[in-house]
Amino acid sequence: MSTNGSVIRCSIDGKEYLAKAGKYINDVARENGVYIPTLCNVIGIHPQGACRICTITVNGRMMTACTTPVAEGMDIKTNTSELQDLRKSIVELMYVEGNHFCPACEKSGNCELQALAYRFQMMVSRFPYTFPKRKIDARNPKLVKNYNRCILCKRCIRAIKDEQGRSYFAFRKRGHKVEVGIDVDLGKFISDEVAQKAMDICPVGALIKKEQAFRIPIGKRKYDKTPIGADVESHHV
Amino acid sequence: MENQKPIIATASLAGCFGCHMSLLDIDDRILNLIELVEFDKSPINDLKKFTRHCDIGIIEGGCCNSENIHMLKEFRKNCRILISVGECAIMGGLPALRNGIPIRECIEEAYWQSPSVKGHNPEMILPNDQELPMLLDRIYHCHEIVKIDYFLPGCPPRADLLYDALVSIITGTEMKLPYEVIKFD
Ligand code: SF4
Ligand code: FES
């Protein structure tokens, strides 16, 4: 077994790499120009392993790349046809689980869920649409929380805190009723800057900063012309 | 069928005609398309009834009323290949934003409450003509009602996606799917 910090040798998609033991597979891959699709993960924030989009195989077993550290001798496969279909099916599940009306969404073109669907060439979901009844909460002075679109990735909870380390966002309820809400009291003091950060950290359009929507024209948005992950792949040496 | 051009039919159900507009957006390639195919029932030529069995049916829009369901089933019966075109056909699209709102509430909003009608309908008349198709409890996307063979997303689907899909089906060649053509808005 390797201890954290020592250098190990592993293989990713048949190529050998040296990496620091203890580093997450996703980070090692990314730094070497191999893109593993992620959704709930934020670089630099403790991983959650919530969405399973980053599923890869390690010595034939399925693992999440964002939460699994590399170790000596690992044989990692990131892109088999089985994994590709699994990832696509997760995206398709998310599309039917909530109400994702892309043509009417402020985040369209900048949305990571949609960008993954584009990358995986999703023409339609293979699962039946559920059209759940969800609400929109616009009470906060700076942010609109749209429950129709929230994928429960917890990125907002994990990444956005006030100076005392308190989170503006929190889980409520249990089981399939679970939802991520804005703390009503703490939320009153959200600054423009934090509201913008929250909107940017949310991978979908579940957190929208008021008076910000539809500023960037179609064609100029983040994923209009460039697939998600292209930045990682272009760093390939 | 031999030496005969493939026949296309199109319909707009609960859609906005944006998908049909996008089809016209193929610009001068429409001349190539006319070389390749013939049109049967379609708003493009204003043919109201099927005159023969068709090869390809293009459906824009989902189903919001009984007439849409009837029309969709007619298309399935009369077309060998049926394609759902655009977000409304595929997942209900904007009309499906009313899914979850009781139908009575939608109608009262439209004819009594909304700013453009409030005060202008003193007798509180709601559309009640026997000829009008019945509104459905929610929007049904096309593959909930009939089997759909292909799906072309977009709002509207890019003209290139529509054109390339049709040419691929007609000529039996594999479709190119460059990144820019698959979009949901
Ligand atoms: S609001 Fe956005 S960031 Fe927060 S859990 Fe929902 S999808 Fe994730
Ligand atoms: S990115 Fe790894 S589980 Fe979500």
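The model is a predicted one. Polar contacts do occur between domain 1 and domain 2 of chain A: six residue pairs were counted, both partners at pLDDT 80 or more. On the side of domain 1 of chain A that touches domain 2, the residues divide by class into 12 nonpolar, seven polar and one charged.

The two domains were assigned along chain A as follows. Domain 1 covers residues 7-79. Domain 2 covers residues 87-220. Taken over C-alpha atoms, their centres are separated by 26 Å. Domain 1 of chain A brings 20 residues to the contact, and domain 2 of chain A brings 18 residues.

The area buried between domain 1 and domain 2 of chain A is about 1,400 Å². Carbon and sulfur atoms give 63% of this area. Three residues of domain 1 of chain A lose the most area to domain 2: A:Leu39, A:Gln48 and A:Ile53. Together, A:Leu39, A:Gln48 and A:Ile53 account for 41% of what the domain 1 side buries.

The surroundings of the ligand were examined next. Ligand 1 is surrounded by 14 residues. The closest are A:Lys145, A:Cys150, A:Cys153, A:Cys156 and A:Cys202. By class, the shell around ligand 1 holds 11 nonpolar and three charged residues. No polar residues were counted in the shell around ligand 1. Cys counts as nonpolar and Lys as charged in this division.

Terms used
Residues are numbered from 1 along each chain as its sequence is written. Chains are lettered from A and ligands numbered from 1 in the order in which they are written. This is a predicted model: local features need pLDDT of at least 70, side-chain atom pairs count only at pLDDT 80 or more; totals for chains, interfaces and linings use all residues. Side-chain values use heavy atoms; hydrogens and water are left out. A residue is near a molecule or strand if one of its heavy atoms lies within 4 Å of it. Domain bounds come from an automatic or database domain assignment. Contact means heavy atoms within 4.5 Å. Buried area is the accessible area (1.4 Å probe) that two parts lose on being put together, summed over both. A polar contact is a pair of N or O atoms within 3.5 Å; within protein, one must be able to donate a hydrogen and the other to accept it, and residues adjacent in sequence count only if both atoms are side-chain atoms.
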